[in-house]
Amino acid sequence: MNSSFNIGDIVTRKKYGNDILFKIDKIVGNKVYLKGLELRLYADAFIDDIVLSAVPKKKETDSVLRKLDTKDYFYIPGTILHIDSDKEYLKKCMEYYENQKVQAFGYVFKESDISSNIIKLIDKHNPNILVITGHDAYYKNKKNGKKYKNSDYYIESVKLVRKKIISHSDLIIISGACQSDFKGLILSGSTYASSPKHINIHALDPAIIATYLALSEKNILINLEELLSKTKYGKDGIGGLDVCGMMIKGYPRKEQY
């Protein structure tokens, strides 16, 4: 083990032109296991291929996704149930929901355990929007007989939920992670999914989609291109269906709202 690196260090990989920031998750001998600082990416590298990088400055509070007319109207945003396989990424997303003033409930489960827990969480929280995400990978040559690392688990979970809540108008589902099976996820019943071009997505991308939908009116069709443009890689990273939002708008506004 190389004592010049420690778990938690921020590093980049020389082999890939130092293009992505990672945090060291584990060190085993001369090999390090890395978690993307912003991208939902888990990778490994040899110690002599990584270099320390400066810790990025913490961003200010996220800018408001949607500005609402609060002079005359009051609003009831949609609620979000977010299931993630990664505790750190979930924390980032929950902080984002809080900054955007949207109610969200977050849970961490391994991808393989999501399907056995998801219905009881749907029953408990009755959300308007469901996010199922974590880690994934696309294999150009099948690995262990699979083309995707975790897409089958997401697809199984979406199918279970759609047996209970069929309509996208009643429940919007956002599913997938880096390089996920976009077509399979959409056909299983997802409203939005990653990744059309089999690329990595930002840790916050599912939360950005969910928040925008939670803050968009139920009777107005979402501008799909505008919504996707708010994510890190746009339509290459996430795609989806034409649907309306999940927010209820009321009138007149009073002090207590």
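A charge sits over a ring if NZ of Lys or CZ of Arg is within 6 Å of the ring centre and within 35 degrees of the ring normal. The model is predicted, so local features need pLDDT of at least 70 and side-chain atom pairs count only at pLDDT 80 or more, while totals for chains, interfaces and linings use all residues. Residues are numbered from 1 along each chain as its sequence is written, and side-chain values use heavy atoms, with hydrogens and water left out.

**View 1. Lysines over tyrosine rings.** The charged end of lysine 35 is placed over the ring of tyrosine 89, 5.9 Å from its centre. Lysine 26 lies over the face of tyrosine 33, and here the distance to the ring centre is 4.9 Å.

**View 2. The pair of tyrosine 73 and tyrosine 251.** Two aromatic pairs are found in a search of the whole structure. Rings of Phe, Tyr and Trp (its six-membered ring) pair if their centres lie within 6.5 Å; planes under 30 degrees apart count as stacked, over 60 as edge-to-face and the rest as tilted. The centres of tyrosine 73 and tyrosine 251 are 5.3 Å apart with planes at 50°, so this pair is tilted. Tyrosine 73 is in the loop between β5 (50-52) and β6 (74-76) and tyrosine 251 in the segment after β15 (248-250), so the pair ties together parts 178 residues apart in sequence. Strands (E, at least two residues) and helices (H or I, at least four) are DSSP runs, numbered from the N terminus. Tyrosine 73 is partly exposed at 26% relative accessibility, and tyrosine 251 is exposed at 60%. Buried means under 20% relative accessible area, exposed over 50%, and partly exposed in between (1.4 Å probe, protein chains only).

**View 3. The pair of tyrosine 138 and tyrosine 148.** With ring centres 5.3 Å apart and planes at 45°, tyrosine 138 and tyrosine 148 form a tilted pair. Tyrosine 138 belongs to strand β10 (residues 138-143) and tyrosine 148 to strand β11 (residues 146-148), ten residues apart. Tyrosine 138 is partly exposed, at 22%, whereas tyrosine 148 is buried, at 12%.

**View 4. The largest nonpolar core.** A nonpolar core is a set of buried Ala, Val, Leu, Ile, Met, Phe, Trp, Tyr and Cys residues joined through side-chain atoms within 4.5 Å. The largest one has 32 residues, of which Ile80, Ile129, Ile174, Tyr192 and Leu213 touch the most other members. Elements giving two or more residues to this core include β12 (172-175) and α5 (205-214). The largest share, seven residues, comes from α5.
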